[in-house]
Amino acid sequence: MGLERTEELSLNMGPQHPSMHGVFRMVVTFDGEVITKIEPKVGYLHRGLEKLAESRTYTQFIPYTDRLDYLSAPHNNMAYVQTVEKLMGVQLPERAEYLRVIFAELARIASHLVFIASTALDMAGWTAWTYCFRDRERILDLFEMSAGSRLTVNAMRIGGFNRDVPPEFWPALKSFLDDLPEMMEEYFGIFYGNEIVMARLKSVGILPKELAENLSITGPVLRASGVQYDVRKAEPYGIYDRFDFEVPVRYGCDSYDRTLLRLDEIRESGKILRQAMRDIPEGPVTAKVSKIIKPPAGEVYHRVENPKGELGFYIVSDGSPKPARVRIRSGTFINIQMLPIVALGWKIQDLIAIFATLDAVLGEVDK
Amino acid sequence: MNALNQLPLNIAAAIRSLFGDPHSIWADLTMDIISIILVIVLIVLAALILILLERKVAGWTSQRPGPNRLGPHGWFQTIADALKLMGKEDVTPAGADRLMFKIAPMIMFALPMMTLAVIPYGHGMAPIRLNLGIVYYLAISAVSTLALLMAGWSSNNKYSLLGGMRAVAQMISYEIPLVFSLLGVVMITQTFNLSQIVADQHTIPFIVLQPLAFVVYLIAGVAEVNRAPFDLVEADQEVVAGPFTEYTGLRWGLFFLGEYGNMTAVAALTTTMFLGGWQGPAILPGYVWFFLKVGIIIFFQMWVRWTFPRIRIDHLMGLAWKVLLPLSILNIFLTGVGIYIYQLIVPRIGG
């Protein structure tokens, strides 16, 4: 450019800023409106969940996992209880396995709907936001009728479920699945197909495949960079190997593909849900597990595919009713690493859009 | 119907006749004061109605009820909000340029007052008749940039400053296509007088003759009043509330009134220039037609706002300089050619 240099402006975005998801904070340096440096700061929502687990029994810790990624609580429950079950070697009844898949995939759709909604909202697309929340409400109703609570579902127990779903769950689920294609059509009309959205997201915030792999990015963000990797296929847990579904992958590496990939995943989740609904057998939903859970001494690592990335639990047991050590590997905490690298050189508006496409939930980032 | 149509004029004549000489300076002064009060009332009423209407339209677009608690269908919501605003503490941030900080909202509120004063609301019902009405309108409405920049600069806040700078960048880009799009109408009518332009549209509204200019003006007008998808100035996801970030209570309320007043002014000018102003079938009085047309334009602006996401600032500049400006120049060219052909043909067919 010319010989003159303009003074750089450092701006504090968050922890309380209208566009930040939760209490994420970044100190951004601008030259005009162009970003020259980003310093993400995390920890405003740190509750010390890993340390808390050491003073709770195995069962008592389940509700805490709801508060990790609170938009898809069943996944966190599932990751934790499956880890403990792996340590104990519990065999689950068939119905419980199917119900877990149903809960997990419903939560995936709900979480992706919030993703579309919040991405639209970060670009001031208010109507797209209400459309998504309107439809997510039906999933929350399903959770409410089966577990009693809507957001922090807390339905799973070590050895299965605390209770079976009520009979009215099935027709409601079926009508939701029947309406799903029409809903996705609507999201396409109001959000994805919009010229302004395309102009703002296409070729913005490129995350190359090599960089994504080197930063150990997981989840939809990785798959939008052209890597076909999904824990459900790579290392099937539960009964995921019985279902016929695709792992959607896109090669654009940009914000638009990251956004569009979530829509593909909703479609695939719908497929899994239909198969699970067709195949689910009758029977008990809880395995025979002793009242006081005392896993044998040892350590175990187990991971699941959370809507936002790979969620892993590492548990060390010393044979007592309380875990000796719990470590949580949360997807978004690792995914947001890409932000200071990828958003450099873009404008403040692009930074908001790029951050939105990461789908960070601070409950999971800060633990 | 004619009586109803002439009602405001008759009232005006009655007030004038109270004075010994109906055209004395005192009568003129009284009429001017009444006109200005009416315009202020119009702005406040418009804001009261439009804010609620906006929220209702938002609810309708996004399939939710909108405000529905206070009064029948929530119609008293805005009044309650206004009362709440009056009760708020007036905060001036430390390190602010106090004088500029306090003047900025007043300027913002004064502008629609000044622009709406030259609009003809009915036959012979322009509060102030100006021969250079369009020039006056454009000059005044461009000052709103100054108010936003003053607010952004004086607040001593980085978000405000960014918002104020965006306002300047955006206004410079949009003012030119906006002005150029109006030139076609001026070329046809050969006048800057708004009352005369409306009178010239009694056979055919200029939207038919100037469709391109109408579209350009509509887009540039939305940008002019900083509404979505061009609401970069107060983009809450990026710069919190832009220049308004540090304002509280009634000062913020003045900005808000100014914004809705500006919106009304842009819609009023669109109506005057392209939709035939108060002209319409005689089943309704002229001023009713005028406000109906204004309402349609405002509804369109709201509809756009709640449907589209926000555009990026460089795309906005690109749209203004690379699309709207050439289109408006093309419109001037086409209008010139059209007038030339018309002047060639009309004398020959004896029209």
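**Figure 1. The contact between chain A and chain B.** The contact takes 25 residues from chain A and 23 residues from chain B, where two residues are in contact if their C-beta atoms, placed from the backbone, lie within 7 Å. On the side of chain A that touches chain B, the elements that give two or more residues are strand E1 (9–13), helix H4 (94–122), helix H5 (126–147), helix H7 (195–201) and helix H14 (348–358); helices (H or I, at least four residues) and strands (E, at least two) are DSSP runs, numbered from the N terminus. H5(A) gives the most to this side, with five residues. Sorted by class, this side of chain A has 13 nonpolar, seven polar and five charged residues, with Ala, Val, Leu, Ile, Met, Phe, Trp, Tyr, Cys and Pro counted as nonpolar, Asp, Glu, Lys and Arg as charged, and the others, Gly among them, as polar. This is a predicted model, in which local features need pLDDT of at least 70 and side-chain atom pairs count only at pLDDT 80 or more, whereas totals for chains, interfaces and linings use all residues. Residues are numbered from 1 along each chain as its sequence is written, and chains are lettered from A and ligands numbered from 1 in the order in which they are written. The model scores ipTM 0.81 and pTM 0.87.

Figure 2. The secondary structure of chain A comes to 15 helices and eight strands, and its C-alpha trace spans about 75 × 45 × 35 Å along the principal axes. A compact globule with 367 residues would have a radius of gyration near 21 Å, and chain A, with 21 Å, agrees; the radius is taken over C-alpha atoms, and the globule rule is 2.2 Å times the number of residues to the power 0.38. Of the 367 residues of chain A, 49% count as buried, a residue being buried if 20 or more other C-beta atoms lie within 10 Å of its own, exposed if 12 or fewer, and partly exposed in between, with C-beta atoms placed from the backbone. Among the contacts in chain A with a separation of 6 or more, residues 24 or more positions apart account for 70%. An unreviewed UniProt entry places the feature "domain: NADH-quinone oxidoreductase subunit D" at residues 122–296 of chain A; UniProt positions are given in the numbering used here, feature names are shortened, and annotations may be inferred rather than shown by experiment. The end C-alpha atoms of residues 122–296 of chain A lie 48 Å apart, and the span is 53% helix and 2% strand.

**Figure 3. Helix H14 of chain A and the residue just after it.** H14(A) is mostly covered, since eleven of its eleven residues are buried. Among these buried residues are A:Ile348, A:Asp350, A:Phe355 and A:Leu358. Just after H14(A), A:Asp359 takes a positive phi of about 55°.

**Figure 4. The surroundings of A:Leu177.** A:Leu177 is found in helix H6 (residues 169–192) of chain A, and with 17 C-beta neighbours inside 10 Å it counts as partly exposed. Leaving aside its neighbours within four places in sequence, A:Leu177 is in contact with A:Gly270, A:Leu273 and A:Arg274. The C-alpha atoms of A:Leu177 and A:Lys51, which are 126 residues apart along the chain, are separated by 40 Å.

**Figure 5. Chain B, its helices and its annotated spans.** Chain B has 14 helices and zero strands, and its radius of gyration of 21 Å is close to the 20 Å that the globule rule gives for 351 residues, so chain B is as compact as a globular protein of that length. Its mean pLDDT is 84, and 98% of its residues reach 70 or more, pLDDT being the predictor's confidence in each residue, from 0 to 100. The unreviewed UniProt entry places the feature "transmembrane region" at several spans of chain B, including residues 204–223 and 324–345. The end C-alpha atoms of residues 204–223 of chain B lie 28 Å apart, with the span 85% helix and 0% strand, while those of residues 324–345 of chain B lie 31 Å apart, with the span 100% helix and 0% strand.

**Figure 6. Helix H12 of chain B.** At 1.5 Å a residue, the 26 residues of helix H12 (residues 249–274) of chain B should span 38 Å, and its end C-alpha atoms are 37 Å apart, which agrees; the expected span is 1.5 Å times one less than the number of residues. Because 23 of the 26 residues of H12(B) are buried, this helix is largely enclosed by the rest of the structure. Just after H12(B), B:Gly276 takes a positive phi of about 85°.
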